[in-house]
Amino acid sequence: MALTCSSSVRRRGHRAKNEGNDLLAFYPETNVLYEGGNSCKAETSPFYSIYSFGDSDSASTSDHLAAVLGLPSLQHYTEEGVEFESGISFMTPGATVMSPFSFIKNGIPAPQQSHHSQISAFMKLFYKDCFSFHDCGKNKVLQKAIVFMDQPGFNDYKHSLLHTRSISEVSKLVPDVVETIKNSIEQLIKDAEAKHFVVSGIIPAGCLPGFRTMFPENDNSRKIQCHKGLNLFATLHNDHLWQALEELRLKYPEVEIIYADYYKAFMAIIRNHAFLGFKTKTLMKVCCGSTGSGPFNFDPHKQCGEEGVVACSDRASHIHWDGFRLTPEASKNMIDTLFSKKGFVFPEFKFERGHGAAAAKRHHHSKIYGRFRDALRHLLELHANNIVDY
């Protein structure tokens, strides 16, 4: 799938200007070049629609993905007269992947919204549509559609950390969370014959102002601080998810299952924030927050919109909207980073593959990542309360 950006880059370098007066940055750790400022868009989109699942508070991410792929913004499934063929958002506020019972059995109060209800809503509309056209067995719409799962599992961990404040305890939920994600994908493959998935990992939780407030440290002299234990935790989840997606690719070689590396994309934005128009002095501060509420401008007892919590006047220069959500500008940059350059999604979008060689390669990767995951668990215990600079 070819993507083009509206600005053209003249040369590679640490800091260079392009014809649109946007800035570009070279990432030595990924050997890729990022074009900042203007959006990227598919020259010819091979897709007809997108169906998104996740937290509706991050709906701008799926809308920008649609824009990148040259598709219209998504309708929400609750809208009157929603058309299945046009692409739909099934996102709901605060949706978690695990069932309410899974939280209760772990001694955590159950949240109100779940990923299961989103899948159920999708299947209800799917059957209503396919029976109307008598093609349930060969649903042509889903053959050329993307099923987009935006940070599945993030709200499970956020909800659990808010109640337990224990990284070690919450890390025990990772296998269940990832298994539920895997089962959801498999259900959509079997029951709806979905062929193309984009499933994102989670961003580095240790770099979010909300979690940094929950897990404070004493030295405030450093400008850019991320909690090492929380970032290792995010890596642990992402590694489990990677492994699960590898297993699904081996089982369903005809299905395209793309892993979107939000962690790497977010860190690329953090490291190159100045090139992208984000201010260093507000890099770790929230836009909608309580002035004077600690180093991150975030009060965990007050939400955006409540009395005493106001939005900043320069949102576009902030990465963080509130303690746990990114600004639309930061989300837009993440999607552009993911789909305009190599190294942030795996595998790349392809429609004809040599499945034999690919399967052998995946099996080899599967063993390596299994060992890596065990090492991460050990590191998580060692660094649960440490801070790391970026």
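User: At what angle do helix H10 (residues 262-271) and H11 pack, and how far apart are their axes?

Analyst: In this predicted model, H10 and H11 pack at about 115 degrees. Their axes are 9 Å apart. The crossing of H10 past H11 is right-handed.

User: Which residues make the contact of H10 with H11?

Analyst: H10 brings Tyr 262, Ala 265, Phe 266 and Ile 269. H11 brings Ala 330, Asn 333, Met 334, Ile 335, Thr 337 and Leu 338.

User: How do the residues of that contact divide into nonpolar, polar and charged?

Analyst: Eight are nonpolar and two are polar. None is charged.

User: Which residues of H1 and H11 meet?

Analyst: On the H1 side they are Ser 60, Thr 61, His 64, Leu 65 and Val 68. On the H11 side they are Pro 328, Ser 331, Lys 332, Ile 335, Asp 336 and Phe 339. By class, this contact has five nonpolar, four polar and two charged residues.

User: Which residues of H1 are buried?

Analyst: They are Thr 61, Ser 62, His 64, Leu 65, Ala 66 and Val 68. Just after H1 comes Gly 70, with a positive phi of about 75 degrees.

User: Why is strand E6 (residues 49-53) called largely enclosed?

Analyst: Count its buried residues. Five of the five are buried, so E6 is largely enclosed by the rest of the structure. Here buried means under 20% relative accessible area.

User: Which strands pair with E6 in the parallel sense?

Analyst: Strand E9 (residues 145-149) does, over five bridges. In that pair, Phe 53 has Met 149 as its bridge partner. Strand E8 (residues 88-89) also pairs parallel with E6, over two bridges. There, Tyr 51 stands opposite Ile 88.

User: What makes E7 and E15 edge strands?

Analyst: Look at the strand order first. The open sheet of seven strands runs E7-E8-E6-E9-E10-E12-E15, with mixed pairing. E7 and E15 each pair on one side only, and they are the edge strands.

User: How do E10 and strand E12 (residues 256-260) pair, and what packs on the sheet?

Analyst: E10 and E12 pair in the parallel sense over five bridges. Val 199 stands opposite Tyr 259 in E12. Helix H9 (residues 228-251) packs on the sheet and touches E10, E12 and E15. The direction of H9 makes about 165 degrees with that of E12.

User: Why is Thr 78 called exposed?

Analyst: Its relative accessibility is 54%, and the cut-off for exposed is over 50%, so Thr 78 counts as exposed. Thr 78 lies in the loop between strand E7 (75-76) and E8. Thr 78 and Ser 89 are eleven residues apart in sequence, and 9.1 Å apart in space from C-alpha to C-alpha.

User: What is phi in Arg 165 and Glu 193?

Analyst: Most residues other than glycine have a negative phi. Arg 165 has a positive phi, near 55 degrees. Glu 193 has a positive phi of about 55 degrees and is not a glycine. Arg 165 sits in the loop between helix H5 (154-164) and helix H6 (167-171). Glu 193 sits in the loop between helix H7 (174-192) and strand E10 (196-200).

User: Where is there a cis peptide bond?

Analyst: A cis peptide bond joins Phe 346 and Pro 347, with omega about -15 degrees. Pro 347 is in the loop between strand E15 (345-346) and helix H12 (355-382).

Conventions:
Residues numbered from 1 in each chain as written. Predicted model: local features only at pLDDT ≥ 70, side-chain atom pairs only at ≥ 80, totals over all residues. Heavy atoms only, no water. Helix = DSSP H or I, 4+ residues; strand = E, 2+ residues; numbered from the N terminus. Contact = heavy atoms within 4.5 Å. Nonpolar A, V, L, I, M, F, W, Y, C, P; charged D, E, K, R; others polar. Buried < 20%, exposed > 50% of the residue type's maximum accessible area, 1.4 Å probe, protein only. Pairing = 2+ DSSP bridges. Axes fitted to C-alpha atoms, helices over the stretch in contact; angles between N-to-C directions. Left-handed = near helix turned anticlockwise from the far one by under 90°.
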